[in-house]
Amino acid sequence: MKHIAFLLLFCLFLLSCRRDFSAPVPNADWDLFFSAATRPLTSLAFQKMDGVYAVEEGAGAFGELAPAKWSYTVTGQDTTFHLSFFFGVDAAYMICEGKRLDSTILLNGYWRRLVGTQTGKVQLTIPKDSGAAFLLRPELTPGNDIYITGVYGNGNATPDFPLRFRFTRPIIRASMFEILAHRGGGRTADLLPASENSVEMLRLASRFGATGVEIDVQLTKDEVPVLFHDATLNERVVQKSGLLGPVKDYTFDQLSTLVRLTNGERIPTLRQALETIVYQTPLDFVWLDTKYNGNMQVLRDLQAEYLQKAAAINRRIEIVIGIPDKEVMANFKKLPDYQSIPSIVEYSETEAEAINARIWAPQWTLGLQDAAVDRQQAQGRRVFTWTMDIQKNISQYINEGKFNGILSNYPSLIAYTYYARQ
Amino acid sequence: MNCIHSGKSYVLKTKASQTGLILLFLWFVLAAQAKAQDVPVQGQKRIFFPHPMDRSWQHSIGFIATTMNQDITEEAHFRLPAIDWHVLRKLGGKFYLDGRVNVQVLQNLVSLGPRWATQVSDRISMSLGNDVAYWFGRINIAGIRTRGHGLQNYPNISVGYRFNKQILLTLRAESIMNLNVRTYAGETEVESTYKLFSGSAYSVFLEQPFAGNKSMTLGFRAMYTNYLWQTWTLFENYDRNLFFPQIIVGLIL
Amino acid sequence: MRGNKYFFILLFSLLAGSHSYGQEEEFSSQPTKRAQYAWVVYGGGGPGYYVSNSGAPQYLSRKISNLSHVASFRLMWHPDHLLKVGVETGHLTFYTYSFRDSVDREGVVKLKAIPVLVVWNMAVTKRLNLFAGSGVYFLRTNLDYRGTTTSKKTSIGWMAAASYIYPLSTTVGLGSEVKWMNASETSNGILSLQLQLVWKFLNW
C-alpha cells in the first residue's frame, strides 16, 4: 500500500502542476512622476522624441537599436500621449507616458517581451542638458542630441537595471507603408492588457506601433455587425457563460448581456469600433475582415458613413472591406457599384483586378512575389501581406520585398524592422 | 533578453478540468490493485515496462491522440491521432533498442534509442534511455506547399511497478530537446524559434493482458514544451512551455 | 411514471430471462475462464452535480442550478481478461442558470450534452469496476432571454467512473456508479451518482 500511495501522490503532483501564464501590466507608481510639481508634456515634445535611438546601456536585454514613436489616445476631453520604443529582440517594446519637472522630462511606463510573459517597470529621464531643453522648446526646430537614461525592472519590483538611449536620427515613414495590427492590435493569447477585437485593444494598437488595424467582422442573428474572430463562442476568447456555438445564433442583445471577452470587455459592434478608431486614435487604416457569409450591405453602409465622418473632421483614414474567399466575393459582388467600394482581396490577384480592389493581400508564405507585386503596383494597386510574426522573415520582406504594408500579431516587430532599417 | 529574470509562475492549481485527468490517473493506480495470482514479469508482454527483455522482439500497434493547446492552435483543439508502431529489439544483457514510428501521413516521426533496464526488486524495475527522433512533414496549406523536418533528443528514465494479475505500471520522465528544426513555405525558409532544452514530459502507462494472448497499453503523457513538432505548420514563436496532454493506446502483439 | 413502468418491466424480463442459466456463477465483470467472451450493456441514470459556481456572468443577478440528472448507456465487450473496451452515450445537463439583467428582464441558460465516448473498463474486484473514456460531447446551449435560441457545438472530452455491481443473476447486475464527465469546451465537469442496470446479453 505504501507503493500505491506514493504512486498516487506522484501522479497527482504531476497533473496538478500547471503553469499559469499571465503578463499583467506593472503598476505605474513613481513618486517623482506623480509629484505635484510635474506638468504634462505637449504633443510637440513627443513628436520631437520620434527617432531611432542607439541602446547604449541595456543592449543585452533589448538589442542595440530602439526606434521610438509617439501616439495618442483621446478619452472624452482628454488626450493622452505615449512614447513607444520598439526592439528587435523577442518582439519587445516599451510604452511610456511623459511629464516635465522643471526643465527635466520624465518618462514612466513598462516594457514587455511579447513572445514570453516577461514585463516590468521603466523609469526614464531626459535632463535639461541632455535634450530636454530642446524638446521643451515650443517650436519644431531641427534635431538635437537627446540622451534618455533610467532604469527598468522585472514585474512590480523597483527597477534597477540601467538603460541609456541616444538619439541617432529621425524616423521616416514612407507615406504608403502600413504597419497593420492583427485583430485590432493583438491576440488575446499574447496576454496583452485588452482582449483581441475589443474597443480597448483598438485604443492600444498605435502604442504597439500599428498605423492601421485588421478587425474581424461577423453578423449576429439580428444582423448587427460585431467584432469577433472565432467561428464559435469559446473560452479562448470569451469568459465562461454557458453560451456556445456561432455568434450568428444569438442576437446582439443576448451577446451584450451575457458574453464578455477574456479581459471583461463587451463584444463591440462595428459601429463602436469605427467610432473609436476615427475619433480616439491616430490609426489611418482599417481592414474589415469579413468573417461571415451573408448580407454585406450593412458593412458597406457603415464603411461609407465613417469615411464621411472622418472626412468631416479632416481625418485621413482608409476603411476597406476584406474579401477572404470566393463566398464573400460573391456576396460583395451583389453590392451596387462594388467596383468603386474600397476593398482588399485576400487571395486571388485576378479577383483583385476584377473588382478594382484598392489592395491585393496575398498570404506571406507565398513568398516575395516581386513580379506580381510590380504588376499590381503598376495598376495603382497596393499590396499588403499577412500575417507575419517571425523576425527573420519580417526583415527579409521589409528589406528585400516591395510590399506596401504588413499585417502582424506583433506590430512592434514590424515597426522596429521598418524604422530601424532607414 | 537573457539578463532579465523570468517572471513565469509555476502554480499548483487544480482546475476542474484537471480533476478529470486526476481521476483518470486514479483509475490507473486503483486498477493496478486488482487482487489475484502473482505472475512473474518474465513471460508477460510489455512494451513500456522497464525490464530486461526475455524475447528477441516485441511489437505494439496503436495510436497517440494529442490535445493541442488553444494558445497556439486557437479553435483547432484536436487533430487526428497518429498511428503508433512501437518495436523493442533485445541487444543482450540488460540492453535493448526502443524504436517508434508515429504516422499521420502528412507528418511523421521516427525515433530510436537504447535502453538499459534493470530489476531493482521483485516488483520494481527501472530503465535509462536516450531516444533520437527525426520528424518530417509535407502539407499543402491553402495552396502553399509547406514542408519541415527536425531532429530531437529525448533522454528518459522509467520506473515500473509490477502488480498482481499481470498488471504493469510504468512512470516515465523525459527531457524534450530540439536539436534542429527547418521549415519552409514554398521556397521561403521560415525561421523556427526553439530552444535546445524545450521542455519535459511525464507519462504513466498501464499494461496488461487484453484478449487472447494480446496485451493492451493505456497511457497518458503530459508534455510541457515551448516547441511541439506537430505544430510546425503554424510557424508560431511563443516562448512558453505550453501543456499538451496525450492519450496513448497500444495493442502489444 | 410511464417510464418507470417500462423500467420495471424490463428489469423483470431480464431477471426472468436470466433465470434459465440456472445456479451458475453470479454476474461479475471478471473473467471466469479463458476464451470466454461477452457483450454487456449498462443503462443507468441519476443525479448530477456540476462542480463549479462559475459559468454565469458575475455582474448579473443570477442563480445557478448545479443539480441535474444524468442518463448513460454503455455497451462493453468483455474479453477473457480484466481489461475491457466499449462505447458510451447518454444525456446530461452540465448546468442551468437563471438571471435578471439591469432592467429586471429574466432569462435562463441551459448547457446540455450528448457524449459519445470510447470507454475502457477494468474489473478491480468481482464487483468493483473502473471506467475511463474519451471522445466527443455534442453540446447544446438553450437560451431563453429576449427570444429563444439554441446553439450547438462539438467538443472533445472524457469521463472516469467507478461502479459497484451487485449480481442479481448470472447475467444481470444492479450497480451504483460514481462518474465524472468533462467536455473541454466548458471548463468544469459534472459528478454524477447513477443507479445502473447491467445485462450480459451475449455470452460465448
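Start by selecting Leu180(A). Leu180(A) touches Ala210(A), Gly212(A), Val213(A), Glu214(A), Phe285(A), Trp287(A), Phe384(A), Gly405(A), Ile406(A), Leu407(A) and Ser408(A), leaving aside residues up to four places away in sequence. Keep in mind that this is a predicted model.

**The cores**

Now widen the view around Leu180(A). The largest nonpolar core has 184 residues. Which of them touch the most other members? They are Leu180(A), Val213(A) and Val286(A). Select strand β5 of chain C, residues 106–123, next. This strand gives the most to the core, with eight residues.

Then move to chain B. Another core, of 16 residues, lies apart from the largest one. Among its members are Ala222(B), Tyr227(B), Leu228(B) and Trp229(B).

**Helices α12 and α13 of chain A**

Select residues 391–400 and 411–421 of chain A. These are helix α12(A) and helix α13(A). They pack at an angle of about 45°, with their axes 10 Å apart. That angle makes α12(A) oblique to α13(A). The crossing of α12(A) past α13(A) is right-handed.

Show the side chains at the contact. From α12(A) come Gln391(A), Ile394(A), Ser395(A), Ile398(A) and Asn399(A). From α13(A) come Leu413(A), Ile414(A), Thr417(A), Tyr418(A) and Arg421(A). Colour the contact of α12(A) with α13(A) by class: five residues are nonpolar, four are polar and one is charged.

Stay on α13(A). Is this helix mostly covered or mostly open? α13(A) is mostly covered, with ten of its eleven residues buried. The buried residues are Pro411(A), Ser412(A), Leu413(A), Ile414(A), Ala415(A), Tyr416(A), Thr417(A), Tyr418(A), Tyr419(A) and Ala420(A).

**Helices α7 and α8 of chain A**

Select residues 270–280 and 297–312 of chain A. Here α7(A) and α8(A) cross at roughly 20°, and their axes come within 11 Å. At that angle, α7(A) is roughly parallel to α8(A). The crossing is right-handed.

Look at which residues meet. α7(A) brings Leu270(A), Arg271(A), Leu274(A) and Val278(A). α8(A) brings Leu302(A), Tyr306(A), Lys309(A) and Ala310(A). The contact of α7(A) with α8(A) holds six nonpolar residues, no polar ones and two charged ones.

**Chain B**

Show chain B as a cartoon. Chain B has two helices and twelve strands. Trace the elements from the N terminus: β-α-β-α-β-β-β-β-β-β-β-β-β-β. Chain B has 253 residues, and 43% of them count as buried. Now turn to its contacts with a separation of 6 or more: residues 24 or more positions apart account for 59% of them.

Select Gln70(B). This residue lies in helix α2 of chain B, residues 70–73. Is Gln70(B) buried, exposed or partly exposed? Gln70(B) is partly exposed, because 19 other C-beta atoms lie within 10 Å, whereas a buried residue has 20 or more. Gln70(B) and Leu242(B) are 172 residues apart in sequence, yet 9.6 Å apart in space, C-alpha to C-alpha.

**Chain C**

Finish on chain C. Chain C has one helix and nine strands. From the N terminus, the order is α-β-β-β-β-β-β-β-β-β. Of the 204 residues in chain C, 41% are buried. Among the contacts of chain C between residues at least 6 apart in sequence, 63% join residues at least 24 apart.

Definitions and conventions:
Residues are numbered from 1 along each chain as its sequence is written. Chains are lettered from A and ligands numbered from 1 in the order in which they are written. This is a predicted model: local features need pLDDT of at least 70, side-chain atom pairs count only at pLDDT 80 or more; totals for chains, interfaces and linings use all residues. Axes are lines fitted to C-alpha atoms, for helices over the stretch in contact, and angles run from 0 to 180 degrees between N-to-C directions. Helices (H or I, at least four residues) and strands (E, at least two) are DSSP runs, numbered from the N terminus. Angles under 35 degrees count as roughly parallel, over 145 as roughly antiparallel, 65 to 115 as roughly perpendicular and the rest as oblique. A crossing is left-handed if the near helix is turned anticlockwise from the far one by less than a right angle, and right-handed if clockwise. Two residues are in contact if their C-beta atoms, placed from the backbone, lie within 7 Å. Ala, Val, Leu, Ile, Met, Phe, Trp, Tyr, Cys and Pro count as nonpolar, Asp, Glu, Lys and Arg as charged, and the others, Gly among them, as polar. A nonpolar core is a set of buried Ala, Val, Leu, Ile, Met, Phe, Trp, Tyr and Cys residues joined through C-beta atoms within 7 Å. A residue is buried if 20 or more other C-beta atoms lie within 10 Å of its own, exposed if 12 or fewer, and partly exposed in between; C-beta atoms are placed from the backbone.
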